[in-house]
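I opened this entry to record what I looked up, one topic at a time. The structure goes in first, and my notes come after it.

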Amino acid sequence: MRTKVEPVLVVNDLEVACDAAIADVGVALVPAILCREAVRRGRLRVLFGPGPALRRGVYAVYPSWQFMPASTVPVGSLDRAAGAAQGRG
């Protein structure tokens, strides 16, 4: 069964979402580990079961590595740069 839910509160902080659910603002979709203690104490209930209710990709955004110190250059960038220097890229 599917039900459309209109948000009452939208936040970009999972701890705030958990706190809002504890305060009875509504339902929060957060990692189980974040609200485990509140569930154990009976302040929250698990609605969606033990599995992941939402699957999303994780994206990393970082500035161009060209002018960054070598200690902060992402590893994949070093691999690509080394390949290009050796004529492989």
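**Ground rules.** I am working with a predicted model, in which local features need pLDDT of at least 70 and side-chain atom pairs count only at pLDDT 80 or more, while totals for chains, interfaces and linings use all residues. Residues are numbered from 1 along each chain as its sequence is written, and side-chain values use heavy atoms, with hydrogens and water left out.

**Whole chain.** I looked up the elements and found three helices and zero strands. Helices (H or I, at least four residues) and strands (E, at least two) are DSSP runs, numbered from the N terminus. The order from the N terminus is α-α-α. I then checked burial: 11% of the 89 residues count as buried. Buried means under 20% relative accessible area, exposed means over 50%, and partly exposed lies in between (1.4 Å probe, protein chains only). Of the contacts between residues at least 6 apart in sequence, 8% join residues at least 24 apart; contact means heavy atoms within 4.5 Å.

**The pair α1 and α2.** I noted that two packed helices are described by the angle between their axes and the distance between the axes. At what angle do the axes of α1 and α2 cross? I found roughly 25 degrees, with the axes of α1 (residues 14–22) and α2 (residues 32–40) coming within 10 Å. Axes are lines fitted to C-alpha atoms, for helices over the stretch in contact, and angles run from 0 to 180 degrees between N-to-C directions. The two helices are therefore roughly parallel to each other. Angles under 35 degrees count as roughly parallel, over 145 as roughly antiparallel, 65 to 115 as roughly perpendicular and the rest as oblique.

I listed the contact residues next: L14, E15, C18 and I22 come from α1, and L34, C35 and A38 come from α2. By class, I have six nonpolar, no polar and one charged residues in this contact. Ala, Val, Leu, Ile, Met, Phe, Trp, Tyr, Cys and Pro count as nonpolar, Asp, Glu, Lys and Arg as charged, and the others, Gly among them, as polar.

**Buried side of α1.** Which residues of α1 are buried? I wrote down A17, C18, A20 and A21. They cover an arc of only 160 degrees around the axis, which puts them on the same side of α1. The arc is that of the directions from the helix axis to the C-beta atoms. The cover over the buried residues of α1 includes α2.

**Loop between α1 and α2.** I found D24 in this loop. D24 is exposed, at a relative accessible area of 68%, and its phi is near 70 degrees, a positive value in a residue other than glycine. P31 is in the loop between α1 and α2 as well, and counts as partly exposed at 39% relative accessibility. From P31 to C18 I have 13 residues in sequence and 9.4 Å in space, C-alpha to C-alpha.

**V39.** I placed V39 in helix α2. V39 counts as partly exposed, at 33% relative accessibility. Leaving out residues up to four places away in sequence, V39 touches L44 and V46.
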